[in-house]
Amino acid sequence: MNLLEQIVARAKANKQRIVLPEAEEERTLRAADRVLADDIANIILIGNPESIKADAEKWGLTNISKATIIDPLNNPRSEEYAQLLAELRKKKGMTIEQARELVKNPLYLGCMIIKTEGADGQISGALSTTGDTLRPALQIIKCAPGITCVSGAMLLITKQPQYGENGVLVVGDVAVTPIPDAGQLAEIAVCTAQTAKSVAGFEDPRVAMLSFSTKGSAKHEVVDKVVEATALAHELNPDLKIDGELQADAALVPAVGAKKAPGSDIAGNANVLVFPNLEVGNIGYKLVQRLGDAIAIGPVLQGIARPVNDLSRGCSVDDIYYMVAITACQAMDAK
């Protein structure tokens, strides 16, 4: 069973309620039908019920009837959600009139459903920008306790089983925070280890804080930031298995790790890699993906109190299907 099959199996074993707020979009509706057919999650579709039912009939999607469909323009709980949203955002000057309009927006409505415990996670992005996906999540659901920044992890399935967890690595941040400070980098480390556990199924995440230096081999303020972040991550989660600063080869190759960082339990044995900034992370994972012929799954957004994930607007039905399973696995852990 490969990693994606394992993720789907975990989602099936503990079904979560996942909101798809772009339900009038064809790829989303086709993915929802497949999720429901395979009994992976309970699906909440936001959109015009008649339009969704007509499209489902047109495309032969026989399982859409199993979904809960909520009309954002004719929702009996709209006023309740508007009152709550206005209260949540009153310090930012939101009026009840503005809140009433926002809860008609499917992305905001989905987050309100999660906030009021009617759902466990949300996925959008087939039609929406990352900013549009994140804005309501951060305004309504907010960050997880002890976390102040959102980040994105990538699951890399390589053809090198000697590295990581039988060739699988979880890396972050590759998607959100451009230049994290030491505190944010520590949070990214903690969150990426948690993603490795909840999504990739790692029983024993081992985190390497990457740099161009290993254990003082180079001196620079950016190296100092990684060292500080490593210490802060230990404070955030004393049980976390983490070490840094480590160069990538020292993190992954046992012989190199033993030479450059003798005595380290992580060096040469890491399965979670934390990049010092977004530029390095984004470039690094794409090089591994293209030059190393690795499969890249994600990014999986992390740091939000309940999972809200972002899709590429060029996503496929498969992408949405597997992201539902990933979001379900995150949701189990967030409860």
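## Crossing of α6 and α7

Helix α6 crosses helix α7 in a right-handed manner; a crossing is right-handed if the near helix is turned clockwise from the far one by less than a right angle, and left-handed if anticlockwise. The axes of α6 (residues 106-115) and α7 (residues 130-141) come within 9 Å and cross at roughly 35°. Axes are lines fitted to C-alpha atoms, for helices over the stretch in contact, with angles running from 0 to 180 degrees between N-to-C directions. Helices are DSSP runs (H or I, at least four residues), numbered from the N terminus.

On the α6 side, the contact (heavy atoms within 4.5 Å) is made by L107, Y108, C111, M112, I114 and K115. The α7 side contributes D132, T133, R135, P136, A137, Q139, I140 and I141. These residues divide into 9 nonpolar, 2 polar and 3 charged, where Ala, Val, Leu, Ile, Met, Phe, Trp, Tyr, Cys and Pro count as nonpolar, Asp, Glu, Lys and Arg as charged, and the others, Gly among them, as polar.

## Basis of the model

The model is predicted, and local features need pLDDT of at least 70, side-chain atom pairs count only at pLDDT 80 or more, and totals for chains, interfaces and linings use all residues. Residues are numbered from 1 along each chain as its sequence is written, and side-chain values use heavy atoms, with hydrogens and water left out.

## Crossing of α8 and α9

Helix α8 (residues 182-198) packs against helix α9 (residues 221-236) at an angle of about 55°, with the axes 8 Å apart. The pair is therefore oblique (angles under 35 degrees count as roughly parallel, over 145 as roughly antiparallel, 65 to 115 as roughly perpendicular and the rest as oblique). The crossing of α8 and α9 is right-handed.

From α8, the contact involves A182, G183, L185, A186, E187, A189 and V190, and from α9, K225, V226, E228, A229, L232, A233 and L236. The division here is 10 nonpolar, 1 polar and 3 charged.

## Cysteines

The whole structure holds 0 disulfides, a disulfide being a pair of cysteine sulfur atoms within 2.5 Å. The sulfur of C111 has its closest cysteine sulfur in C143, 13 Å away and so too far for a bond. For C329, the nearest cysteine sulfur is that of C191, at 17 Å.

C111 is buried at 0% relative accessibility, and C329 is buried with a relative accessible area of 2%. Buried means under 20% relative accessible area, exposed over 50%, and partly exposed in between (1.4 Å probe, protein chains only).

## Lysine 91

K91 lies in the loop between α4 (78-88) and α5 (96-102). K91 is exposed, with a relative accessible area of 80%. K91 and I304 are 213 residues apart in sequence and 21 Å apart in space, C-alpha to C-alpha.

Definitions and conventions: Helices (H or I, at least four residues) and strands (E, at least two) are DSSP runs, numbered from the N terminus.
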